[in-house]
Amino acid sequence: MVLFAAIVTYSSSSNKGFTSADVMFAQMMIPHHEQAITMATMAMDSERGSSRDLQDIALRIIDAQASEVQQMHGLLDQWNASAMHSHDDDMMQGVLSADELDALDRLNGRPFDLAWSKAMIRHHRGRSEEHTSELQSLAYLVCRLLLEK
């Protein structure tokens, strides 16, 4: 995440170098990333029957986003700000509703892979170049799954 990297670099050099927008960004991105981790963890469930390709992508998402969540918590601690946010979750682009997550969690095998891939693409659409390889891999997987019908 380019913007996140800029905030980390800027804030690390000066504890006073943060704004309310930085705090709000970190507060909003923590639950956004945590949802991606939740979705990726679903894909790692061995009883779900997800493809190995999808599990590889999910593992990369877990590793990257868990690290960023830790960094954002660290910044909020430095800034003496709460990780809790009072912002409207609807403002977060790509976040799935509780009903959508439940529906996804009820799927297995190929239907899960396809729905998960589409949901994860939506979740990360419009994000930085950092997620480009994951999005390209997901797009390829969706195309392959659709062609296998």
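Me: Is E100 buried, partly exposed or exposed, and what is its relative accessible area?

Reply: Good place to begin! Buried means under 20% relative accessible area, exposed means over 50%, and partly exposed is in between (1.4 Å probe, protein chains only). E100 falls in that middle class, so it counts as partly exposed, with a relative accessible area of 32%.

Me: Which residue forms a salt bridge with E100?

Reply: A salt bridge is a side-chain nitrogen of Lys or Arg within 4 Å of a carboxyl oxygen of Asp or Glu. Here the closest N and O atoms are 3.0 Å apart. The partner is in helix α5 while E100 is in helix α4, so the pair ties together parts 22 residues apart in sequence. That partner is R122.

Me: How should I read this model and its numbering?

Reply: This is a predicted model, in which local features need pLDDT of at least 70 and side-chain atom pairs count only at pLDDT 80 or more, while totals for chains, interfaces and linings use all residues. Residues are numbered from 1 along each chain as its sequence is written, and side-chain values use heavy atoms, leaving out hydrogens and water.

Me: How many helices does the protein have?

Reply: Helices (H or I, at least four residues) and strands (E, at least two) are DSSP runs, numbered from the N terminus. Along the sequence the pattern is α-α-α-α-α-α. With 0 strands, the count of helices is 6.

Me: Which residue forms a salt bridge with D105?

Reply: The closest N and O atoms of this pair are 2.6 Å apart. D105 lies in helix α4 and its partner in the loop between α2 and α3, so the bridge ties together parts 57 residues apart in sequence. The partner is R48.

Me: Which residues touch the most other members of the largest nonpolar core?

Reply: A nonpolar core is a set of buried Ala, Val, Leu, Ile, Met, Phe, Trp, Tyr and Cys residues joined through side-chain atoms within 4.5 Å. The largest one has 17 residues, and α2, α3, α4 and α5 each give two or more of them. The residues you want are M39, I61, F112 and W116.
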